[in-house]
Amino acid sequence: MLAGKVALVTGAGGGIGRDFALALARAGAKVVVNDLGTSVKGEGADVGPAQKVVDEIESKGGKAVASTDSVADWTAANRIVQCALDSFGRIDVVINNAGILRDRFFFNMSVEEWRAVIDVHLNGSFYVARAAAPHFKSQESGCYIHMTSTSGLVGNLGQANYSAAKLGIVGLSKSIALDMAKYHVRSNCIAPFAWSRMIGSIPTETEDQKARVEKLKFMDTAKIAPIAVYLASDQAKDVSGQIFCVRANELFLMSQNRPVRSVHRAKGWTPETIASQAIPALRPNFYPLDRSQEVFSWDPL
Ligand code: NAI
């Protein structure tokens, strides 16, 4: 499905990104395997993981090159895109997948924890996407895939930085889809559920938490790759601005914000009439304070 295409996957040294890189190469793409080789918290760097995935692709007859720059820096992000051009002469697909976690309850979250997560996820996604944009625009084709999360789309405890970044990425993706539609450039999001070292870092103190995490273990990271390969292919040429979610063998199209109910008062509203009329009318449509696990309340299939 991807013969002749060049794909760049950030954070492809392990987890979901590694499976993206392997699947894209299997589908015929030449792949830039970018990974800083850092810890779940984003501490340290290692050139090993990216090169290992490149070796794996090459051992199966595919074409790949390693890039170990950080997405969280504008100059470095430009080098990641340049690596695709220098190695393979073009760029067709960008998958913004690199990520870290610095979980903490909001009232204890430090500025450094906030910034580190926003820098990798939200700023990093912008930097890499923006660096590829002139090439996509001039060739009048290109595909962006950005990783979001139900932590942002629905909610989760102790992840204000991550949820804000992941919902920001949804806005970024939609904006790219709108701004670049006339150049036939597409942009979509994937919210995955998969057992990776990132999910393995969830604290499991209670028996309930332990049982929940046990169930997550069979959600294979490779199950996320087929939708990415499809989106990267020309068969998805009319698919843009969407949010997909994948959990083992389940595939979801996620909703996007639209008005759910309105009230109108010819003379306008006062705080008092909002309290007496508007809120009682709107309240039946309020959303509960759900977390992701309450919306995805059944075991993965
Ligand atoms: P992972 O921790 O296995 O992989 C993330 C990779 O990103 C690592 O190899 C890491 O070295 C790399 N990385 C981190 N900072 C980087 C930087 N500045 N520049 C370049 N590379 C960097 O995590 P996983 O689970 O594979 O996550 C992949 C994506 O999917 C992330 O964006 C994550 O937020 C998202 N996601 C994952 C979920 C899951 O269930 N595993 C759930 C929701 C979202």
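Good morning. One caution before the details: the model is predicted.

Let's start with the ligand.

Thr38 places a polar backbone atom 3.1 Å from an oxygen atom of the ligand. Gly99 also uses its backbone: an N or O atom there is 3.4 Å from a ligand oxygen. Lys166 works through its side chain, with an N or O atom 3.0 Å from an oxygen of the ligand. How much of the ligand does the protein bury? On its own, the ligand exposes 830 Å², and 96% of that is buried by the protein.

Which elements build the shell?

Next, the surface. Phe105, Phe106, Phe107 and Leu157 make up a nonpolar patch. Together they have about 520 Å² of accessible area. Take Phe106 from that group. You will find Phe106 in the loop between β4, residues 93-96, and α4. Is Phe106 buried or exposed? Its relative accessible area is 66%, so Phe106 counts as exposed. The cut-off for exposed is over 50%.

Last topic: the backbone. Most residues other than glycine have a negative phi. Two residues here are worth a look on your screen.

First on my list, Glu140. Its phi is positive, near 55°, and the residue is not a glycine. Glu140 sits in the loop that runs between α4 and β5, residues 142-147. Its relative accessibility is 42%, so Glu140 is partly exposed.

Then Ala248. Again not a glycine, and again a positive phi, at about 50°. Where is Ala248? In the loop between β7, residues 243-247, and β8, residues 250-253. Ala248 is buried, because its relative accessibility is 6% and buried means under 20%.

To recap. Phe106 is exposed and belongs to a nonpolar surface patch. Glu140 has a positive phi, and so does Ala248. Thank you.

Methods: Residues numbered from 1 in each chain as written. Predicted model: local features only at pLDDT ≥ 70, side-chain atom pairs only at ≥ 80, totals over all residues. Heavy atoms only, no water. Polar contact = N/O pair within 3.5 Å; in protein donor to acceptor, adjacent residues only side chain to side chain. Areas by Shrake-Rupley, 256 points an atom, 1.4 Å probe, with all protein chains shown as cover. Patch = residues over 30% accessible without salt bridge, like charges linked within 9 Å, V, L, I, M, F, W, Y side chains within 5 Å. Salt bridge = Lys/Arg side-chain N within 4 Å of Asp/Glu carboxyl O. Helix = DSSP H or I, 4+ residues; strand = E, 2+ residues; numbered from the N terminus. Buried < 20%, exposed > 50% of the residue type's maximum accessible area, 1.4 Å probe, protein only.
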